[in-house]
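This report looks at how the parts of one protein chain pack together. It then turns to some backbone details.

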Amino acid sequence: MSPTTAGPSTPPAAVLCGLAGWVPSRVVTNEHLARRLDTDDTWIRTRTGIRQRHVVDPGQATSDLAVEAGRRALAAAAANGTDRVDAVVVATTTPDRTCPATAPSVAARLGLAGAAAFDIGAVCTGFVYGLASAAGLIAAGVAGRVLLIGADTYSTIVDPLDRANAIIFGDGAGAVVLRAGHPGEPGAVGHFDLGSDGAHEALITVAAGGSRQRSRPGEPSHQDRHFAMRGQEVYRHAVTRMAESARATLSRAGWKTDDVDHFVPHQANLRILHSVADDLGLPRERCVTHVESVGNTGAASIPLALADAAARQTVRPGDRLLLTAFGGGLTWGSCLLTWPSLPHQERTTP
Ligand code: COA
């Protein structure tokens, strides 16, 4: 490990130097869903903005997506001069197994056995928590380069017959490579705001599978084995918490709303994103959206949206980005980033 120091008194910052997204090839459109659920394209589009999502095939797991995104992000970083990493962090709510963590196997499959590897469980805020953790590893000198992957396969935990949730979620992975650098250079991630409120844990849950359920007698019910969400309450918390977190981050950095060129929110659904942008006084066209093509991909949603925006060249070097996420827990978080010069991105979705 050889972290680059930023000066005698300033700890090194985490600087973005590689990015990639990957989604499984199987596409499920709203029309597909309407064939098996009592729903229709208009309802789904009006309430969520989503027109399709990608889902894994039987046998495909979260690590398979994470490896694909991770490999591409490492290649992008290598083309940018960073060719190995000291730590692999996987943010996910759908690990391959309850034990062990998914990150060590992802690291080994990427030829990175020996690197530190661990998972982050912060539901849809996992990627922002992961950025903060990677920044901490780098600032402390524990790692010089970190591969952070947000990967989720919600199709493996959502009941396919639950029309309220099956329409929202999709599967995917997004990855970034962060290297030690200077806090002021393009690509530096910083001014984090992270928070949680476990008093509302029941709003988003998978009840079975953990120690709480296993210490009870009897088999879990069908419902307890699947993802459950109280949609309307989640909607209200998401808008409030994301707007508060975004403001806290802007205030820490001394940025005004107008300083934000692109707002990159967790892609929960289009109405939530627009409500947060409205609340912040940000024009909606500054809101980076990818949810229409991939649905809500959990911890993958922000890096997938970034990869898509980079491939479309809607974000350009020097642009100032505000990243904000919200998820089960409840958890939320935000940070800022000035866009660096990165190798050309391939589009993940047409
Ligand atoms: N198709 C058609 N009708 C549906 C439906 C579907 N897929 N899902 C639910 N409905 C029905 C409901 O049964 C209800 O019918 P009723 O009035 O006869 O009882 C009606 O539509 C309204 O349901 P409601 O839950 O009030 O809808 P909503 O406007 O709140 O939209 C969500 C539901 C889930 C789209 C919305 O609550 C939401 O976006 N929540 C946030 C979800 C989210 O982004 N979570 C991730 C956070 S990380």
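In this predicted model, the C-alpha centres of domain 1 and domain 2 lie 14 Å apart. The domain assignment places domain 1 at 13-181 and domain 2 at 188-338. Domain 1 brings 49 residues to the contact, and domain 2 brings 47 residues.

The size of an interface is often given as the accessible area lost when the parts come together. Here, about 3,400 Å² is buried between domain 1 and domain 2. Carbon and sulfur atoms give 68% of that area. Which three residues supply more than any others of the area that domain 1 buries against domain 2? They are Cys124, Val128 and Tyr129, with 16%.

**Helix packing**

Next comes a pair of helices. Helix α8 covers residues 231-253, and helix α9 covers residues 270-280. Their axes come within 9 Å and cross at roughly 40 degrees. Angles under 35 degrees would count as roughly parallel, and 65 to 115 as roughly perpendicular. The pair α8 and α9 is therefore oblique. The crossing of α8 and α9 is right-handed.

Which residues meet across this pair? From α8 come Tyr235, Ala238, Val239, Met242, Ala243, Ala246 and Arg247. From α9 come Arg271, Ile272, Ser275, Val276, Asp279 and Leu280. The residues of this contact divide into nine nonpolar, one polar and three charged.

**Backbone details**

Most residues other than glycine have a negative phi, and most peptide bonds are trans. The table lists sites that depart from these patterns.

| Site | Feature | Value |
|---|---|---|
| Cys99 and Pro100 | cis peptide bond | omega about 0 degrees |
| Gly329 and Leu330 | cis peptide bond | omega about -10 degrees |
| Val123 | positive phi | about 50 degrees |
| His191 | positive phi | about 55 degrees |

Where do these sites fall? Pro100 is in the loop between β4 (87-91) and α4 (103-109). Leu330 is in the loop between β12 (320-327) and β13 (331-338). The bond that joins Leu330 to Gly329 is cis.

Val123 sits in the loop between β5 (116-120) and α5 (126-139). His191, in contrast, is found in a strand, β8 (residues 188-196).

Conventions. Residues are numbered from 1 along each chain as its sequence is written. This is a predicted model: local features need pLDDT of at least 70, side-chain atom pairs count only at pLDDT 80 or more; totals for chains, interfaces and linings use all residues. Side-chain values use heavy atoms; hydrogens and water are left out. Axes are lines fitted to C-alpha atoms, for helices over the stretch in contact, and angles run from 0 to 180 degrees between N-to-C directions. Helices (H or I, at least four residues) and strands (E, at least two) are DSSP runs, numbered from the N terminus. Angles under 35 degrees count as roughly parallel, over 145 as roughly antiparallel, 65 to 115 as roughly perpendicular and the rest as oblique. A crossing is left-handed if the near helix is turned anticlockwise from the far one by less than a right angle, and right-handed if clockwise. Contact means heavy atoms within 4.5 Å. Ala, Val, Leu, Ile, Met, Phe, Trp, Tyr, Cys and Pro count as nonpolar, Asp, Glu, Lys and Arg as charged, and the others, Gly among them, as polar. Domain bounds come from an automatic or database domain assignment. Buried area is the accessible area (1.4 Å probe) that two parts lose on being put together, summed over both.
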